[in-house]
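I opened the notebook to look up charged side-chain pairs. The entries follow the order in which I checked them.

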Amino acid sequence: MPQIPEKIHELTVGQLAARSGAAVSALHFYESKGLITSRRTSGNQRRYTRDTLRRVAFVRAAQRVGIPLATIREALAELPEERTPTHEDWAHLSEAWRSDLDERIKQLNRLRDHLTDCIGCGCLSLDTCVLSNPDDAFGERQAGSRLMVEPGGGRQKGRRGQAGG
């Protein structure tokens, strides 16, 4: 990994990409989403402060555990500008995100269990399949594969119909 001399306080996008392991396009995307910032030189080139390396690492670590970018941006916004996230910052944020991650793990476990049931069954019944037809509200009232027209010309959301129905 290329070393950056201590006397250099700003990095080009290429240097930041090489040091962080993130693609230049990812860095531009992070900047467009407000996760990192740069200043522009007189030649309109981006320059990043050295603390951006830690911010990029923070963003990538949070993404790896499934934290949405909007949530990451909110977390970084709580930090003072130009301050590198510390171990304490990460511990505080990870504790706040823990319940959300636990809930997602539960959802994935339920999905895995239902997937096994569906594969074992093989029917993929739109009447009962929680994968093909989750949260079916209209199925209790009437079967059908199209949106149903209510009296008076209004449309309501429908559900997928049963195979052959």
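Does arginine 55 count as buried or exposed, by relative accessibility? I found that arginine 55 counts as buried, at 8% relative accessibility. The terms I used are buried for under 20% relative accessible area, exposed for over 50%, and partly exposed in between, with a 1.4 Å probe and protein chains only.

I noted that this is a predicted model, in which local features need pLDDT of at least 70 and side-chain atom pairs count only at pLDDT 80 or more, while totals for chains, interfaces and linings use all residues. Residues are numbered from 1 along each chain as its sequence is written, and side-chain values use heavy atoms, with hydrogens and water left out.

I took a salt bridge as a side-chain nitrogen of Lys or Arg within 4 Å of a carboxyl oxygen of Asp or Glu. By this rule I got five salt bridges.

Entry on arginine 55: its side chain meets that of aspartate 51 in a salt bridge, at 3.7 Å from N to O. Aspartate 51 is buried, at 13% relative accessible area.

Entry on glutamate 10: I found a salt bridge to arginine 39, with the closest N and O atoms 2.7 Å apart. Glutamate 10 is in strand 1 (residues 10–11) and arginine 39 in strand 2 (residues 39–40), so the pair ties together parts 29 residues apart in sequence. I took strands (E, at least two residues) and helices (H or I, at least four) as DSSP runs, numbered from the N terminus. Glutamate 10 is partly exposed at 27%, and arginine 39 is partly exposed at 41%.
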